Amino acid sequence: MKQHDAMYIDGSWRPAAGPDTIEVVNPADERVIATVPAGTAQDVDTVVRAARAALPGWARTAPAERAARLTALRDQLAGRAQEIAETITAELGAPLAFSKAVQAAVPVMVAGSYAELAATYAFEEKIGTSTVLHEPAGVVGAITPWNYPLHQIVAKVAPALAAGCTVVLKPAENTPLVAQLFAECVDAAGVPAGVFNLVTGRGPVAGQALAEHPDVDLVSFTGSTAVGKKVGALAGAAVKRCALELGGKSANVVLPSADLGKAVGVNIANVMANSGQTCSAWTRLLVPADRYDEALELAAAAIAKYVPGDPLDGTSRLGPVVSATQRDRVRGYIERGIEEGARVVAGGPEAPEGRERGYYVRPTLFADVTPGMTIAQEEIFGPVVAVLPYADEDEAVRIANGTVYGLAGAVWAGDEDEAVAFARRLDTGQVDINGGRFNPLAPFGGYKQSGIGRELGPHGLSEYLQTKSLQL
Ligand code: NAD
């Protein structure tokens, strides 16, 4: 596996200040595949200075020039898609087909969308007698998680560069190799030195140093709600802008008029993808009480098709989870569900047969789940689905909205208008109607404790801009 024992700072690969390193482990076989530098506060300071120094020049470039660099970046990502997919499979454990189709392909789309937006966005507007300039927010500190490691990087870096900001990226400890590949792509795309910088390191050290650095103007964080609260508090104390993309516990509400078989099948596929490590996953399946048993049968049949296996084996649809910590956390939640009285229809907390090595979890389906149970309230981040019955639409709304989260969700009905009317009652940032497809231009982000701010498309770009009104 290709790796750098250095960090990408000011246009070149430079060693870290200290000797500390982070081991990258392949979750499928528990082998160490690489080590990367563990940056310290001193490294973060060096990197932020580089980003600050590059800011005035990049902020002044014409949008067309920024668009050209982003087009070149998209082409780099597209040209290296195979290598990117293999790298993500090695450090995350996602099945290779999924890494290619989603993990490597979506960032190409998103980078392309920002190349276009950089060229077409109205960075100046007239409001009455004023001219309003949309100027870059400044130096961005981007902190990303491991579950869609390249997508989450591109969803921050591409709009930041389009806006004219400079960036310091601190990727997750588990998946730094694809971040290094991304830095190579940025370099090859001809982005000037200092505009994009990469510091690898641990969250509480390098991540925290970045969030609290006085020369960072905007912190964009994707990760757990627990860490997001800390990052938000640091940003608030320093009056710096902050975007938080956090956890979720999304509900899929199947209304009585819907095609139950289709809705349940898509729900299981939605949660099994990426081993359940998707912040927007529909981990709560809500079905009409009088069709509960039928829904369980359908769900059990669908989940049986997901047999944990080697992510490099072309027939595997479910790989391991990312780390031993995540495996133990997911198994702990399964045990908690059993303790609280939920019924295991499929799966369970034990290691899957023949998969004692590697961080595998059995795909698990829970019945007899009540809305207050831990497994119906907390984000598990594993291949675990809870099925809940509802008596009528009002109860379905109450259950769906009854968590601290509000990131995503889905509604299925025989008629689109009926599904849309129901979706209007949901306190959540995104709702898929009858299996509506992912749209890389639609704003993504959370209500309630799922976050602050939006990513993707023009809404994602505006997060990195600030307005200056000229009264004429
Ligand atoms: P995490 O919060 O532990 O880590 C996320 C990032 O924050 C990592 O880069 C980590 O190094 C860094 N970090 C950790 N402690 C820090 C600190 N004290 N200060 C600054 N940075 C720190 O989350 P994770 O386990 O990497 O990711 C899983 C979580 O991310 C899940 O809860 C998931 O729902 C959430 N997530 C949300 C979205 C979204 O868009 N809403 C997308 C993906 C993942």
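Guide: Gladly! Please keep in mind that this is a predicted model. Let us begin with an open sheet of 7 strands, in the order 14-15-16-13-12-17-18 and with mixed pairing.

Visitor: What makes strand 14 and strand 18 stand at the edges?

Guide: Strand 14 (343-346) and strand 18 (432-433) each have a single partner strand, so one side of each is left without a neighbour in the sheet.

Visitor: How do you know that strand 12 and strand 17 are joined?

Guide: Two strands pair if at least two bridges are found between them. Strand 12 (residues 251-254) and strand 17 (residues 409-412) run parallel and have 4 bridges, so they count as paired. As an example, asparagine 252 has alanine 410 of strand 17 as its bridge partner.

Visitor: What is the order of strands in the open sheet of 6 strands?

Guide: That sheet reads 9-8-7-10-11-19, again with mixed pairing. Its edge strands are strand 9 (196-198) and strand 19 (451-452), each pairing on one side only.

Visitor: How many bridges join strand 10 to strand 11?

Guide: There are 5 bridges between strand 10 (residues 218-222) and strand 11 (residues 241-245), which run parallel. With at least two needed, this is a pair as well. One of the links involves valine 219, whose bridge partner in strand 11 is cysteine 242.

Visitor: Which domains does the assignment give?

Guide: Domain 1 covers 7-246 + 449-471, and domain 2 covers 251-440. Their C-alpha centres lie 30 Å apart.

Visitor: Why are residues of domain 1 and domain 2 said to be in contact?

Guide: Contact means heavy atoms within 4.5 Å, so residues that meet this cut-off are counted. The count is 28 residues of domain 1 and 30 residues of domain 2.

Visitor: What area is buried between domain 1 and domain 2?

Guide: About 2400 Å², with carbon and sulfur atoms giving 59% of that area. Across this interface, 11 residue pairs are in polar contact, while the rule finds 0 salt bridges.

Visitor: Which elements give two or more residues to the side of domain 1 that touches domain 2?

Guide: They are helix 3 (81-92) and helix 4 (96-120). Helix 4 gives the most, with 6 residues. The residues of that side divide into 15 nonpolar, 9 polar and 4 charged.

Methods: Residues are numbered from 1 along each chain as its sequence is written. This is a predicted model: local features need pLDDT of at least 70, side-chain atom pairs count only at pLDDT 80 or more; totals for chains, interfaces and linings use all residues. Side-chain values use heavy atoms; hydrogens and water are left out. Domain bounds come from an automatic or database domain assignment. Buried area is the accessible area (1.4 Å probe) that two parts lose on being put together, summed over both. A salt bridge is a side-chain nitrogen of Lys or Arg within 4 Å of a carboxyl oxygen of Asp or Glu. A polar contact is a pair of N or O atoms within 3.5 Å; within protein, one must be able to donate a hydrogen and the other to accept it, and residues adjacent in sequence count only if both atoms are side-chain atoms. Ala, Val, Leu, Ile, Met, Phe, Trp, Tyr, Cys and Pro count as nonpolar, Asp, Glu, Lys and Arg as charged, and the others, Gly among them, as polar.
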